[in-house]
Amino acid sequence: MGMVKSFDRFRRVVVVGAGLAGTATAIRLLRFAREPLQVVLLERRPEYRNSGVAYQREGNHWHHVFNIQAGRMSAFREDVDDFVAWANHEADRSDWPHGWREFEFTESGPAPRRIYQDYLRDRLAEAVREAARGVTLVEADGEAVDIEVRDGRAHVVVEHLALPAGGPGEAREVLEADHVVLATGLETKFPAFAAEVLDHPAFVRNPYSKDGIERVLGVRKDGVVAIIGTLLSAYDSATLLLRQGHEGPIHTRCSNYPRRNCWVTPTKVVRNSSAGSVRNGTGRARRSPVTTPRCRPSW
Ligand SMILES: Cc1cc2nc3c(=O)[nH]c(=O)nc-3n(C[C@H](O)[C@H](O)[C@H](O)COP(=O)(O)OP(=O)(O)OC[C@H]3O[C@@H](n4cnc5c(N)ncnc54)[C@H](O)[C@@H]3O)c2cc1C
């Protein structure tokens with residue numbers, strides 16, 4: 001194991017996970033601390049910094065919008081308009097696509113999830129600038145794999161710790177801390193039902209990745225698609241297909257999909273071992289209601 005990275009002069013809080021919860025915690029600590037404090041914001045996937053899987057850019061298409069109104073996405077409960085105000089007046093829209101670039105965000109309307117990473121990053125940078133003297137932030141990459149408490153201090157064991165000042169770290173290092181905040185979110189489940197088809201080119205395991213989005217966008221317009229699962233990732237995938245003019249049937253078991261001709265079938269996943277593909281069972285189909293979100297830009 002590598003060296004213990006300790007400190008003598010200030011207190012240190014290690015926040016494990018730099019998604020929304022970890023970033024928001026760091027912002028609060030930086031804003032409220034009145035005595036010297038070092039906040040270490042540790043993230044194992046650099047591309048998830050200030051976003052997590054929900055809002056990171058590469059894994060979220062511009063068609064992926066918040067599942068609640070934009071007016072409920074402020075990071076500050078004492079300033080509920082903050083996100084909408086940021087999106088309208090502060091966000092750098094130079095690389096936004098036509099449709100969103102001219103869009104005026106409202107409290108009750110939609111907003112693309114991928115811009116939230118910039119929002120959190122801006123607010124974190126602001127908190128660093130405005131922090132009291134001696135209150136600092138260290139953004140470190142690496143995965144916390146263990147925590148031990150010794151002499152009243154936490155020893156956070158980190159694999160491949162990379163601090164801004166140094167290059168790639170040793171295999172395992174230890175960060176000493178007075179407090180540790182676990183903001184590690186949810187773990188991706190292993191889809192046991194799909195174990196035999198995980199590597200099949202027609203099976204999209206992670207729709208919130210660059211590769212996953214490209215593969216959804218690459219589906220033939222008249223292709224038959226089966227969506228397993230019924231919540232946000234299913235909605236986002238169906239939206240992506242339909243917004244690019246998909247005409248083939250999309251089989252799912254939920255009724256809340258944004259499509260005139262969305263057929264839903266009672267789902268019985270059938271593994272077709274000869275072709276190695278996944279298809280739905282053949283239950284009786286019925287039409288689903290249309291639930292297109294209001295106030296979306298159209299393009
Ligand atoms: C696709 C999707 C869309 C969503 N959309 C919305 C929405 O529109 N509105 C809404 O309110 N909520 C939405 N949610 C819910 C969303 O998960 C929460 O709002 C919020 O983003 C969760 O934040 P979190 O920080 O708890 O977790 P996460 O965002 O998962 O962040 C956890 C972070 O911890 C890191 N991490 C984990 N373990 C370690 C470790 N051992 N060491 C170092 N780092 C580690 C992970 O890499 C990750 O970056 C959505 C969720 C998903 C999955």
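His-160 is found in strand E5, strands being DSSP runs of E with at least two residues, helices runs of H or I with at least four, both numbered from the N terminus. The model is a predicted one, in which local features need pLDDT of at least 70 and side-chain atom pairs count only at pLDDT 80 or more, while totals for chains, interfaces and linings use all residues. Residues are numbered from 1 along each chain as its sequence is written.

**Backbone with positive phi**
- Phi of His-160 is near 55°, a positive value in a residue other than glycine.
- Asp-151, which is not a glycine either, has a positive phi of about 55°, and it is found in the loop between E4 and strand E5 (153-162).
- Asp-151 is exposed, since 6 other C-beta atoms lie within 10 Å.

**Shell around the ligand**
- The ligand is surrounded by 28 residues, of which the closest are Gly-17, Gly-19, Ala-21, Gly-52 and Gly-185; a residue is near a molecule if its C-beta atom, placed from the backbone, lies within 6 Å of it.
- Two or more residues of this shell come from each of helix H1 (20-32), strand E3 (37-43), helix H2 (52-55), strand E4 (135-150) and helix H6 (232-243).
- By class the shell has 15 nonpolar, eight polar and five charged residues, with Ala, Val, Leu, Ile, Met, Phe, Trp, Tyr, Cys and Pro counted as nonpolar, Asp, Glu, Lys and Arg as charged, and the others, Gly among them, as polar.

Definitions and conventions
A residue is buried if 20 or more other C-beta atoms lie within 10 Å of its own, exposed if 12 or fewer, and partly exposed in between; C-beta atoms are placed from the backbone.
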